[in-house]
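The following briefing concerns one predicted model and treats a helix contact and a strand arrangement in turn. Please consult the sequence and the coordinates alongside the text.

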Amino acid sequence: MTVNDVRDYPFDQPKALEAPPEWAAARGCPVTHVRTPSGDVVGLVAGYDEARTLLSDPRFNRRLDREGAARTATTEDGGMYNRENKAMSELMGEGHRRYRRLISPAFTVKKMEAWRPRVQRMADDLLDAVLAKGAPVELRSEFALPLPVGVICALLGAPAEDEDKFSHWSEVMMTTTKYTQEEVDEARTEFVTYAAALVAEKRANPGEDLLSELTQISDSEDGRLSGEELIQTAVGVLIAGHETTSNAIIKMTALLLADRALYEAVVEDPSLVPGAVEESLRLDPVGGLGIPRFIYEDIEVGGERVPAGTTLFVNLSAADRDERKFPEPERFDATRPNAQQHLAFSAGPRFCIGQTLARVELQVVLDTFVRRLPGLRLRDTPDDLRIRTGVVATGLEELWVTW
Ligand code: HEM
């Protein structure tokens, strides 16, 4: 690939668990070019060092609602990154720092770790139901989606019976090609109305949950989280917290079962669970286009000039297979010493605020599987696995397992 080639996204990926060849090609230059489903061209950054440096630069963020920013979806508004949003990553500089300062105390490692026993109970209950149903089972619908959705509902104090609703709204809002503008607008309005009611309820009757804690911040003396920010935070966490984790559970399970010796090694030695989780995050085979950054002022990426007005996508999964950072990058190694330095949760000031909770969930799941389902295996061959397309959070369509 030369610097002037423009590749079409989504890339061809004949085997769902093997990285598309475009990733390795993209690592050959600091910035290559990709045409998104909207027809707009973006720059792609796929080298580990270049990716980390760019993600750590506080000047740039995911917001693509500025003049000249690329659209990434086929909807008229250009996609989820192009919509205006008054909270989270869309804030700039001091605004974002202030926002993270306010919400971070609710997401500390200690607080998220305290969820482990509850996540374990939820995982066990779901697995009881899976076992009662009998093999084969489609793991995404029966386990990998309900678990993170249940966790995020409990975390925010949202009623469990609303799970299906916001799962649907999230999927529609994350469309690249699957849904129409009308469907997006409807989902967005319903989601915001729902979140506003939830915030109002937590303000009136605060409970033990995270959203109640956040409303107390906003209602405290220096009251700095606005009502709008609270609503967008609720929507943001509901969206960010479940689809990604559900996909990660499926991809981790698929990777370990596709080469069953990997799974058996963890069955034999469950102390490998945390390492296997990190390695599955690093080796994400279906990482999508990546995370956008809109470049407001001229910069250099890996020595190459990138002019102001460029939309760059940092392809986290391609960067995580950079052999300059991870020797023998394609090999799954649950004891890899630096696996935790992967970029699956991004880096810099906007890194994933839910990463501890995501790790807790993935570790509980893998630990539970190897203890309770040592005979777990794929029903079909790895070549039968299909990639979900048309939405930002990419993953596998289905994962049928037996035991
Ligand atoms: C395996 C699961 C997950 C993955 C792979 C993941 C990945 C990411 C990534 C890559 C970003 C950074 C985007 C950027 O740099 O612009 C991010 C941000 C974020 N994530 Fe996660 N995430 C996961 C789970 C969660 C969970 C469980 C929660 C909530 C409890 C969550 C909440 C958030 C929030 C609120 C942000 C925005 C932070 C900001 O912009 O300041 N994520 N996530």
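Ala248, Lys251, Met252, Leu255 and Leu256 of helix α11 meet Ala276, Val277, Ser280 and Leu281 of helix α13, where a contact requires C-beta atoms, placed from the backbone, to lie within 7 Å. The model is predicted, so local features need pLDDT of at least 70 and side-chain atom pairs count only at pLDDT 80 or more, whereas totals for chains, interfaces and linings use all residues. Residues are numbered from 1 along each chain as its sequence is written.

**Helices α11 and α13**

- The residues of this contact divide into 7 nonpolar, 1 polar and 1 charged; Ala, Val, Leu, Ile, Met, Phe, Trp, Tyr, Cys and Pro count as nonpolar, Asp, Glu, Lys and Arg as charged, and the others, Gly among them, as polar.
- Helix α11 spans residues 227-258 and helix α13 spans residues 273-282; their axes come within 9 Å and cross at roughly 105 degrees.
- Axes are lines fitted to C-alpha atoms, for helices over the stretch in contact, and angles run from 0 to 180 degrees between N-to-C directions.
- α11 and α13 are therefore roughly perpendicular to each other, a class that covers 65 to 115 degrees.
- Helices (H or I, at least four residues) and strands (E, at least two) are DSSP runs, numbered from the N terminus.

**The open sheet**

- An open sheet of 5 strands has mixed pairing and the order β1-β2-β3-β8-β5; two strands pair if DSSP finds at least two bridges between them.
- β1 (6-8) and β5 (291-294) stand at the edges with a single partner strand each, so one side of each lacks a neighbour in the sheet.
- On average, neighbouring strands of this sheet are turned by 40 degrees against each other, direction ignored.

**Strand pairs and bridge partners**

- β1 runs parallel to β2 (residues 32-35), joined by 3 bridges, and Arg7 has Val34 in β2 as its bridge partner.
- β2 and β3 pair in the antiparallel sense over 4 bridges, with Val42 in β3 as a bridge partner of Val34.
- The hairpin of β2 and β3 has 5 residues between the strands, and Gly39 there takes a positive phi near 100 degrees.
- β3 and β8 run parallel and are joined by 3 bridges; Phe313 in β8 is the bridge partner of Leu44.

**Cover over the sheet**

- Helix α2 (residues 48-55) lies across β3 (41-45), β5 and β8 (311-314), and runs at about 120 degrees to β8.
- β3 is mostly covered, with 4 of its 5 residues buried, that is, with 20 or more other C-beta atoms within 10 Å of their own, placed from the backbone.

Notes:
Contact = placed C-beta atoms within 7 Å. Buried ≥ 20, exposed ≤ 12 C-beta atoms within 10 Å, placed from the backbone. Parallel < 35°, antiparallel > 145°, perpendicular 65-115°, else oblique.
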